[in-house]
Amino acid sequence: MSKKQAYEKKLQAQLDEWSADIDKLKAKADAATADKQLEYYKKIEELQSMQDNANKRLTELKQAGDDAWEDIKVGIDSAWDSLATAFKSATSRFK
C-alpha cells in the first residue's frame with residue numbers, strides 16, 4: 001500500500017467515525033427539550049457542512065496523481081484539523 005493509499009484510508013476512517021458521531025448527536029437532539037434541540041441541530045448542520053467539505057477534499061485527493069497528492073495534503077490537513085476541533089467541541093458540549 002502506498003503512502004497516498006494509507007493516507008486516504010486514514011481519512012476515510014475518520015470521516016466514518018465523524019458520521020457516527022453526528023448520528024449520536026442527532027439521537028441526543030431528538031431526546032432533548034425544544035430549546036436544546038435548536039442548539040443541537042444548528043451545531044449538527046455546521047458539522048455536516050464541514051464534513052461535506054472534508055469529503056470533497058478527500059475526493060480531490062483520490063483523484064490527484066501520485067505526484068500532486070503531497071501538495072493537496074497540506075490543505076486537507078488544515079481542513080481536517082478544523083473539523084476535528086469542531087467535533088471535539090460539539091461532542092464535549094452536548095455530553
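A helix here is a DSSP run of H or I at least four residues long, with helices numbered from the N terminus. By that definition, lysine 43 lies in helix H2. Keep in mind that you're looking at a predicted model.

**The overall picture**

- The C-alpha trace of the protein spans about 50 × 20 × 20 Å along its principal axes.
- The protein has 95 residues, and 29% of them count as buried.

**Helix H1 on its own**

- Helix H1 covers residues 3–31, which makes 29 residues.
- From its first C-alpha to its last, H1 reaches 43 Å, and that is close to the 42 Å expected at 1.5 Å a residue.
- Which residues of H1 are buried? They are Lys4, Tyr7, Glu8, Leu11, Leu15, Trp18, Asp21, Ile22, Leu25 and Ala29.

**How H1 packs against H3**

- Here's the general idea: two packed helices are described by the angle between their axes and the distance between the axes.
- For H1 and H3, the angle is about 20° and the axes are 12 Å apart.
- Angles under 35 degrees count as roughly parallel, so H1 is roughly parallel to H3.
- On the H1 side, the contact is made by Lys3, Lys4, Tyr7, Leu11, Gln14, Leu15, Trp18, Asp21, Ile22 and Leu25.
- On the H3 side, the contact is made by Trp69, Lys73, Ile76, Asp77, Trp80, Leu83, Ala84, Phe87 and Ala90.
- Sort the residues of this H1 and H3 contact by type and you get 13 nonpolar, 1 polar and 5 charged.
- As for handedness, the crossing of H1 and H3 is left-handed.

**How H1 packs against H2**

- The axes of H1 and H2 come within 10 Å and cross at roughly 165°.
- Since an angle over 145 degrees counts as roughly antiparallel, H1 and H2 are therefore roughly antiparallel to each other.
- The crossing of H1 and H2 is left-handed.
- The residues in the contact of H1 with H2 split into 14 nonpolar, 6 polar and 6 charged.

- Start with lysine 43: is it buried or exposed? Buried means under 20% relative accessible area, so lysine 43, at 15%, counts as buried.
- Skip the residues up to four places away in sequence, and lysine 43 touches Ala86, Ala90, Arg93 and Phe94.
- Now try glutamine 48, which also lies in helix H2.
- Glutamine 48 has a relative accessible area of 27%, so it is partly exposed.
- What does glutamine 48 contact, leaving aside its neighbours within four places in sequence? The answer is Ile22 and Lys26.
- Ile22 is one of the buried residues of H1.
- Glutamine 48 and aspartate 81 are 33 residues apart in sequence, and their C-alpha atoms are 15 Å apart in space.

Terms used:
Residues numbered from 1 in each chain as written. Predicted model: local features only at pLDDT ≥ 70, side-chain atom pairs only at ≥ 80, totals over all residues. Heavy atoms only, no water. Helix = DSSP H or I, 4+ residues; strand = E, 2+ residues; numbered from the N terminus. Expected span 1.5 Å × (residues − 1). Buried < 20%, exposed > 50% of the residue type's maximum accessible area, 1.4 Å probe, protein only. Axes fitted to C-alpha atoms, helices over the stretch in contact; angles between N-to-C directions. Parallel < 35°, antiparallel > 145°, perpendicular 65-115°, else oblique. Left-handed = near helix turned anticlockwise from the far one by under 90°. Contact = heavy atoms within 4.5 Å. Nonpolar A, V, L, I, M, F, W, Y, C, P; charged D, E, K, R; others polar.
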